[in-house]
Amino acid sequence: MPYTPYTLQTILSSSRIEDPAPSTSSSSSFFSRRPTSPTSPETLNTATSTATVRYASNAKTTRIDSVGAWDSDLYCGTSEGVVLHYSLEDNSSPDKSFSTRLENTIHLGLGKKSVERILLIPQVSKAVVLCDSTLSFFSLPFFDPIPASFIQPIKGVSCFSHDIGEEGRIGEDGTVELAVIKRRAIQIYKIGESMHLKKELPLADGAIALTRHSRILCLADTQNYKLINLQQSSVTLLIPTPQVPVTSPTLLGSGTQLVPRPLVAVVRKDEFLVVSGSSSDNQTIGIFVNANGDAIRGTLQWTSYPKALCVEFPYVAALLRNNTIEIHNILDQHLLQTIPLETSIDAKGMTFGHGIKVWMDVIAKRLKRHIWPRPTHHDVDLESQLQREIIRYSTAAARILVFGKDSVMAQVTTPLVVQVDLLLERNLVEEAMQLAEQARNTMSSDNNVYVERLRSELNYTYQKSGLLLLKETVFDDAFTLLSKGDMDPRVVINMFEGLAQSKWLKESPPVLLFDGVITLVEALGTIKNVVNNSLKEFAKDSDQDSEGASEMRRVLLMNAREALDKYLRIERDKRKDRLGQNDTICKVIDTSLLKIYMSQKDDASIYQLLQQPNDCSIEDCAKALSKSKKYYALSIMYESKHMYEKVLDIWTKIYSGELADPEFKNGLERIKNLLLQDVHTEELPLSVIMHYAWWLTHQSPADGVLVFTKSPRTGDMDPDEILEKLSDYSNEGVRTYLEYLVLTQKSERAEYHTRLACSYVKDVHKEINEGNQLKQMKALVEGFIKQTDPMKIIPIKDDEEGFNNAATFVGYLGREQQQTHLVKLRLKLIQLLQSSQLYSPPVLLDALTKAGPLDIEKVIVYGRMSKHKEALDILIHQLCDFVGAETYCVTNGQSTGVIPTTASLNAAAAAEKPLPPLILEDEYLSPESLNERRSLFTMLFKSYIAIQDSKLMIARSMHLLNTQGFYLDTLEVLETIPKDWSIHMLQEFLIRSLRRSLDDYNESQIVLGLSRGENLLISSDLIRTYKEIGPISVDNHTACIKCHRNVGDSIFVRESQHGQLLHLHCAKLLGLIDEASDGEE
């Protein structure tokens, strides 16, 4: 059964032509002539009534040549130069059909000339009539002539068109545009309350057919089709105008001649349809062109040249000469329907306009939706909305009118539901689906009432067909159709016992179903009822025993569950953009899917559902998962809902054995990772984090400390509380957290630095005692002394790798081959001692003394305590670390050497503060630092002089004099050195010292000269000022202008502007001088 989009309904049938009869209506108002009852769709194909047309003329020669319709008014232009105005009425007949009544007869006053076209423009309440090449204007709806003083008739018109893009709206100035073709020009008028010419363009060949959309005119002259762009004033030639053979009377009888008969129509914006044909064959094609003149889509084909053409997207209706109307689908260019006309109807043409409104009662009955199940309280707003919806769908405008010599028919859209219901009543579901697919293929992308109505009809069709297949237990196909019909999934789920919950049907948004669908749903009941009824019918036709029936029942119910699973997955995919937003339908779908997976013991699907954004009902699913002892799955659901406290509660209970679930693996790692997530404080409060962090610390101190140091909420935690509690677990945890506070957070609390350093000392002490490392420590010192040549002079330089790393004892410890565990611990301690300035040196010195022979560590602490003599003695006499001693002096006791960067240390080593750069010039030092450095080098020099080994003493002393002589006093050096040293040995040191002394003297002389010059300038300025202000006399009566007390012998100032005197402190109070002027007179 093919889909038939249209049905013809007779509006005006054959009539007699007599004198006008008085109107039977008691009211002359236009609105009193509106139909008061709808048309019954069951009688769409019947000739409904007749109207008697009566005016004095020859009825045999009068014919209808043009038609226009709007709302409930019909205007027919005749061959006698007359317009007949009819109104559509309800004749109160049992079939509720329309009748027509003649309201008025309008004589155009142009003689017995054919009324070629009637154009209605309801936006401005105007009608335009073309007769005898003259455009006349009338007002709507009564078709009263407009006086020429308002709108002058336009003569010499060959064709005209309004802008189809303006249908249903008007311009900002309250007008619409009208394009008029004259013999050699195009005129664009703006028509409203009045009319004026907007633009005129030349057109050499004129035109005999015209249509317009927006800026593009599509027209045809006797030779070619053309497109004219009004904005650019450009012309695009298309195809030749078809020449159609026409039989006409001649002096010698009837003859045939070729006459140009172009047909043009607007498809949509920037798209037109033109018709081409030839006299050599009967093939005629329709070509779609765009605004550039390029052919698009495919072509339409007709067996003969159409008399007329109308486009109602997505359909093209063509009136053919064989008295049929062919309907094509624009989208795929297929022929959908052929409508034969009765032989008595001599169709002359067809027109496309605003149309006559037709009420389709079949749509109102079948597409009416109600809340299901029926609510106890009526939702007035929703019911009103549904009523408005059905009125929109059921009120159709028949925009295509077909007219013959004395009759008019409306081409009314045929409701799909009528055709489908006829098939479904005979249980022809497959045929109904084929019909629905044909209708679906005609849907356009436009969002208008016709598309919405067809979509609603398709939903009705798919839902009803799906329920009929469900009755036959064809579950897969049934649920597929229900999904295509956008049936509310709650209706389907409600059929399954164990899944259905009555509360779901009452939640917002309400369940809306078509009336015919409600009847089927209530008749089917549950899936179990459907299966039982199907088995009863099957049992009547077979001898199967009860055991076989039970097995079949089980299989059918299982198939239904599997089909429901697929259906819900499809529905879920359709709503994936709403997942995780607490949508009611999504909640029902996800909850039902979870229960299905649980019944099937499909753990993989359960976790896949819960690990993604979902809308599972927390209450229902938690109860079901707990009952099935799927605690890990329950925690995953809580995690997807951001209920992290419940997640942690379940995980800790599973790990501790309070709950059993083998699916939970890597428990501590999962708990730690969750605590380390950056979660909003409302979802996971700090108190909860701390509670489970301490639980984790009890299980694994290292993981617990990691939470305290890496959590995004560490800034809100109390470090003192954490340190106090961590001390109950292990020193390693305390140390790690202190490293975080000191090295990462850069805390400036001295107690943290002291505790961390003491913690390192404890680790070193523990390693010494447990491993008997005293011998190894002595061996390290001996190894350093052996590999160090004290006679070899190594200059101290500040390079990229630090202060001669390998030449110091610290550098020796840091070499890779020396990296034992004890050495690594000592290096961490050394790094902290050298980089931190906040720890308590006395506490550290006491700890180091108790820990063992940690000499280099004591040196650093001595430096912090300014006990430089003790530090240098250790470096020189115990460690023989001469480079370290010199480094110690260069850095003012801050460092004894930098650990090489190649040392494989932990993260704490990487955080060591760099040592200060080596500075050999005093301009970068404060006087205090410079004096301290000179004192240290003097002390070092005296220590070198005290070395018993004379060769070593001379080598180290001379090296120090030659490299760091800048910091040594020459006279003090000469007094300290042995008397047997020759001048030659001190030559380099003395030359540098004398040069430095000479430079200092010369520099001081320059400064002195500059100072004297500056003083002279200031004295000159002072003398000049004295001369300007003159002498200042002060006696016993001279008073301060502020406090009015005698100036006397006190310090005073003179105010420069007026020369008045003030006490110094009074001037300061007035802001005349600042503190820097204190003491000046």
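Start by selecting L74, L467 and F479: in the largest nonpolar core, which has 229 residues, these three touch the most other members. Keep in mind that you're looking at a predicted model.

Now zoom in on F479. Leaving aside residues up to four places away in sequence, F479 touches L470, V492, F496, A560, A563, L564 and Y567. There is also a second, separate core, with 31 residues; to find it, pick I216, L227, Y305 and L320, which are among its members. As background, nonpolar side chains in soluble globular proteins tend to be buried together.

Next stop: strand β23, residues 284-290. Buried or exposed, what are its residues mostly? Of the 7, 6 are buried, so the strand is largely enclosed by the rest of the structure.

Strand β22 (residues 271-277) runs antiparallel to β23, and 7 bridges join the two. Look across from V289 in β23 and you'll find F272. Strand β24 (residues 295-302) also pairs with β23 in the antiparallel sense, over 6 bridges; here F288 has I296 of β24 as its bridge partner. β23 and β24 make a hairpin with 4 residues between them, and G293 in the turn has a positive phi of about 90°.

Last, head for the surface and select L1022, Y1026, I1029, I1032 and V1034. Together they form a nonpolar patch with about 410 Å² of accessible area. I1029 sits in helix α34 (residues 987-1029). With a relative accessible area of 31%, I1029 counts as partly exposed, because that label covers values between 20% and 50%.

Conventions
Residues are numbered from 1 along each chain as its sequence is written. This is a predicted model: local features need pLDDT of at least 70, side-chain atom pairs count only at pLDDT 80 or more; totals for chains, interfaces and linings use all residues. Side-chain values use heavy atoms; hydrogens and water are left out. A nonpolar core is a set of buried Ala, Val, Leu, Ile, Met, Phe, Trp, Tyr and Cys residues joined through side-chain atoms within 4.5 Å. Buried means under 20% relative accessible area, exposed over 50%, partly exposed in between (1.4 Å probe, protein chains only). Contact means heavy atoms within 4.5 Å. Two strands pair if DSSP finds at least two bridges between them. Patches are made of residues with over 30% relative accessible area and no salt bridge: like charges are joined within 9 Å, nonpolar side chains (Val, Leu, Ile, Met, Phe, Trp, Tyr) within 5 Å. Accessible areas come from the Shrake-Rupley method with a 1.4 Å probe; for residues, only the protein chains shown count as cover. A salt bridge is a side-chain nitrogen of Lys or Arg within 4 Å of a carboxyl oxygen of Asp or Glu.
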